[in-house]
Amino acid sequence: MSADIHLSGLPGAILHDEIVPARAPWLHHVAAGQTLRIVDLEGNQAVDFLLYSAQDDAERYSAQDTVAAQGNLFLREGTVLRSNEGRAMMTITATSVDYHDTIGGACSCESNTLRYGHHTKAEHACVENFLEANLREGRGKRDIVSNINFFMNVPVEPDGSLGIVDGISAPGLTVDLRAEMDVIVVVSNCPQINNPCNGFNPTPVRMIVAA
């Protein structure tokens, strides 16, 4: 049997290994010191991502604190994902994609309607995925904050405008995150079909947790 290339280089024993279907939510607790690897199985699949402290979920990922601390809009190898209290939550220890986004936000029924027309209102969106996952642990819509979009390409133009353009990922590319505290990871495997963030074709991703 051939080796599983998606497990190569992980630091310890595999504790959890799951395929998240296209368009689906995912929630998992990751302990301090463990590594989460996200695998873009088919390429150009945006993975919308939130973090909460397992000790107190009022502490959660802060795009503002993360960007301000590193002085750069994009998330790269070495980026420390910081909370609204400025503490390190996870660190990007490796990535086979040059950079990831944390300013493009999550799609919602409301934003789809605004951007793409009223006929899209019934389409599934990331905010609904985040809400579905968070409700399992008592969190609601007010707990959904600005998120990370792994594998999503949101360039900033010289005039300050943003674009959501073709992705820079490819089949089998990965990002590794080491937990710096006990965290709750909440993911929406983005269902968007109205812009190129998923190549207009949402696909599964693989979530691997290693000791």
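## Close-up views of a predicted model

**View 1. T66 sits in helix α1, residues 63-70.** Helices here are DSSP runs of H or I with at least four residues, strands are runs of E with at least two, and both are numbered from the N terminus. This is a predicted model, in which local features need pLDDT of at least 70, side-chain atom pairs count only at pLDDT 80 or more, and totals for chains, interfaces and linings use all residues. Residues are numbered from 1 along each chain as its sequence is written, and side-chain values use heavy atoms, with hydrogens and water left out. T66 has a relative accessible area of 0%, so it is buried. Buried means under 20% relative accessible area, exposed means over 50%, and partly exposed lies in between (1.4 Å probe, protein chains only). Not counting residues up to four places away in sequence, T66 touches Y61, L75, T79, V80, L81 and R82. A contact means heavy atoms within 4.5 Å.

**View 2. Helix α1 has buried residues and exposed ones.** A63, T66 and V67 are buried. Seen down the axis of α1, these buried residues fall within an arc of 90 degrees, so they line one face of the helix. The arc is that of the directions from the helix axis to the C-beta atoms. Q64, A68 and A69 are exposed on the other side. The cover over the buried residues of α1 includes strand β5 (80-82). G71 follows α1, and its phi is positive, near 70 degrees.

**View 3. Helix α3 spans residues 126-135 and has its own set of buried residues.** They are C126, V127, N129, F130, A133 and N134. Down the axis of α3, its buried residues fall within an arc of 160 degrees, so they line one face of the helix. The buried residues of α3 pack against β2 (25-30), β4 (47-53) and β9 (183-189).

**View 4. A210 lies in strand β10, residues 205-210.** Its relative accessible area is 0%, so A210 is buried. A210 and Q34 are 176 residues apart in sequence, yet their C-alpha atoms are 5.7 Å apart in space. Leaving aside neighbours within four places in sequence, A210 is in contact with L10, P11, G12, A13, I14, L15, Q34 and T35.

**View 5. S169 lies in the loop between β7 (148-150) and β8 (173-179).** S169 counts as buried because its relative accessibility is 10%. The side chains of S169 and D40 are joined by a polar contact of 2.7 Å. A polar contact is a pair of N or O atoms within 3.5 Å; within protein, one must be able to donate a hydrogen and the other to accept it, and residues adjacent in sequence count only if both atoms are side-chain atoms. Not counting residues up to four places away in sequence, S169 touches D40, N44, V97 and F151.

**View 6. I103 lies in the loop between β6 (88-95) and α2 (109-116).** I103 counts as partly exposed because its relative accessibility is 31%.

View 7. Along the sequence, the pattern is β-β-β-β-α-β-β-α-α-β-β-β-β. Buried residues make up 50% of the 211 residues. Among contacts with a separation of 6 or more, 75% are between residues 24 or more positions apart.
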